[in-house]
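Here is a note for a colleague who is new to reading structures. Please keep the structure open while going through the points.

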Amino acid sequence: YCKAGGCIVQLAELLKDWPCTVKGSIREEVFRIEDTVSDVKSGDLFIARKGRKHDGKKWIDKAIERGAKAVVVDEEVFFDGFTSDVPLIWVPNILQFSAYASAKLCGFPSEALTMIAITGTNGKTTVSHFIGQLLQKIGKRVIVIGTNGVYLNGEPYETNIEQLTTLQPKHLHPLLLEVVRDNVEYVVFEASSMGLATHRLDECDIDIGVFLNLTEDHIEDHGSFEQYKLAKQRLAGLSKKLVLNGDDAFCRGVGVLAKRSKYYFGIKGRVDVLIQLLAEGTNDSTCCVQMADKEKVTTIPFVGDYQRSNVAAAIAVLEMLGFSFDEVMKEVPNLTLPVGRMQTFTSEQGFRVIVDYAHTADALKVVLQTMKNTTDQKLFVVFSCGGERDVAKRREMGTVASKFADHIILTTDNCRSEDPKVINQQIASGFFATQSYEVILSREEAIEAAINKAQKGDVIVVAGKGHERTQTIGDVTTPFSDIDCVKSLLARLDDEKRCGSRS
C-alpha cells in the first residue's frame, strides 16, 4: 500500500525480479531507499554502497540502530559473522539495484510521464530550460530538473533533496511520483556522465534522449576520455528516440550506432532541423529555421552559434514530440536563458558584465568568442578553476582565455583543499607571453577590480560559477553569488557616478 513519497513493500515483492541472496526474513516491509546513514529512518532499506569518500558498509550497524529494516551489500563476505536479525541482502550490482528498488517502491512513476533526458559536456541546463519554456508556453505542465535545481512551469520547485546535475534514484523517483500526482505531463532533465555511469537513470522510462556535444571533461572522475564517452553513450540505450547534434562528430556517431527513431539538428546543414543565420545584432539574431518542407524567419533572442545550436535542439525535441511547427516558432523569440548562463548586466557607464557558468575550456571559448564578436572595445575575464577537479584542463583554459581577453584577473573558485595560488599558476602557464593579467584571490575584489577598469563599450566576463550561491574554500562553504556581487557593485558604481555628477 502507498503513502506520501512511495509505497510500503514487502522484501519478497521487491526482490522477486532481482538476482540476490538473502540472510534473514523476506517478509519485512520497507518504505524508502537510503544510502546515507545520517538520513536513515525507521522502515528504510539501507544501501551500503561505496562512495567517493566513504564506504557505506562501515555504517551498517549504525543504520540498523537508526531503524533500517534491511541492508543491501554487494560483497558476500559480509554474510560471515553478521548476527543481526535484520535481513542482509547481497546483489551483484548495488547501483543498479538501488535504481530498480527506488523506482519500484514508487510504482515506476516515469512510465506515466513524458521523459526527456539531455546529455552533453556543455549546454544541458540551457537546452533543458528552453524545452521547458516552449512546452509551458504551449500550455503543458512541465518540470525541469538539473544543475540549477528543480523548476515547475518556470518557477523554483521547493525540495529538500541534494542538488546534483542528475538526481540520485532515491530522490528522483519520489519526486517523479510527486509530480505525477500534481498532474505534470513532461519532465525535462539533465543526464550527466556521472549520473549515467553510476546507473542513476537505469529505471527511467526515457522517451527522448538528447545529445548536444562532447569535449574533454570529468576525465579524472571516469579514468579516461574513452570511459567518459562510453558513459555518455549509455543514454542512447536508455532512450526510445534520439535528438542529436548533427554538427558534432561524437553525436553523429551515436546516431549511426543507434537503431531507433532520430532527428538531427544543427547550424551547418544536412540535418532535420537547421538554423541559418541571416543577421546578428548585439543581443539577438535573425535566422531562418528550416525543417523538411517548412521554414520560417524568426528572431532568436541570443547571439553566437552555440546558443543558436541550443535553440535548434529545443525545436527538434518539440518537433519529435509532435507539436505544430508554427506553434513552436511563435514562441522562439520569447526564450530566455536560465540563471547564470550568459546573464548580462549593463552599467549606466555603458559597459556590460556577463556572468556565465563556463568551467571547461570549450565552454569558456564559446562565451569569450561570442562576446568578443559583440564589442570593438576591451574584453576582461575574471575566473579560476575548481579544486580537486580535472587538473589537466587548467592550462587549456588559460590558453583559451589568453586568446580572447585583453586583460585577465585570476581569482578563487571552489578551490576546496587545493591552494588557489597553485591553481592559478597552472592556469597562467597557458597564457601567451604578452598576456596582461593579475591575481586577486578575493573573488569579490577581483570582480570589483574589473568593473573599476572597464570603460564604455567594454565587456567583462565573470566565468565559472554562474548560478551558484556558495563558495567552498578548504572545508568551509560560505554564501557567495557572482550575480549578487555584480548587481551590488554596479549599483554602487552607478550611485557614485550619479552623486559625483550632482556635486
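1. Which residue lies over the face of Tyr264, and at what distance from the ring centre? This is a predicted model, and in it Arg252 is placed over the face of Tyr264, 4.6 Å from the ring centre.

2. Next, the nonpolar cores. The largest nonpolar core is made of 41 residues. Those with the most contacts inside it are Ile116, Ile131, Leu135, Ile275, Val311 and Ile315. Helix 10 (residues 305–320) gives the largest share of this core, 9 residues. There is also a second, separate core of 36 residues, with Val184, Phe189, Leu196 and Val254 among them.

3. Beyond its neighbours within four places in sequence, Leu135 is in contact with Ile116, Lys140, Val142, Tyr186, Val188, Leu318, Leu321 and Phe323.

4. Now the aromatic rings. A pair of aromatic rings is described by the distance of the centres and the angle of the planes. The structure holds 8 aromatic pairs. One of them joins Phe130 and Phe302; this pair is stacked, with 5.2 Å centre to centre and 20° between the planes. The pair links distant parts of the chain, since its two members are 172 residues apart. Phe130 belongs to helix 4 (residues 124–137), while Phe302 is in the loop between strand 20 (294–300) and helix 10.

5. Phe431 and Tyr437 make an edge-to-face pair, at 4.9 Å centre to centre and 70° between the planes. Phe431 is buried, with a relative accessible area of 11%, whereas Tyr437, at 41% relative accessibility, counts as partly exposed. A further item on rings is one aromatic cluster formed by Trp18, Phe97, Tyr100 and Phe108.

6. Last, Val461. Where is this residue placed? Val461 is in strand 26 (residues 459–463). With a relative accessible area of 0%, Val461 is buried. Apart from its neighbours within four places in sequence, Val461 is in contact with Ile354, Val367, Leu368, Met371, Leu379, Phe380, Val381 and Val382. Val461 and Thr344 are 117 residues apart in sequence, but their C-alpha atoms are 9.3 Å apart in space.

Methods. Residues numbered from 1 in each chain as written. Predicted model: local features only at pLDDT ≥ 70, side-chain atom pairs only at ≥ 80, totals over all residues. Heavy atoms only, no water. Helix = DSSP H or I, 4+ residues; strand = E, 2+ residues; numbered from the N terminus. Buried < 20%, exposed > 50% of the residue type's maximum accessible area, 1.4 Å probe, protein only. Contact = heavy atoms within 4.5 Å. Core = buried A, V, L, I, M, F, W, Y, C linked by side-chain atoms within 4.5 Å. Phe/Tyr/Trp six-rings, centres within 6.5 Å; stacked < 30°, edge-to-face > 60°. Lys NZ or Arg CZ within 6 Å of the ring centre and 35° of its normal.
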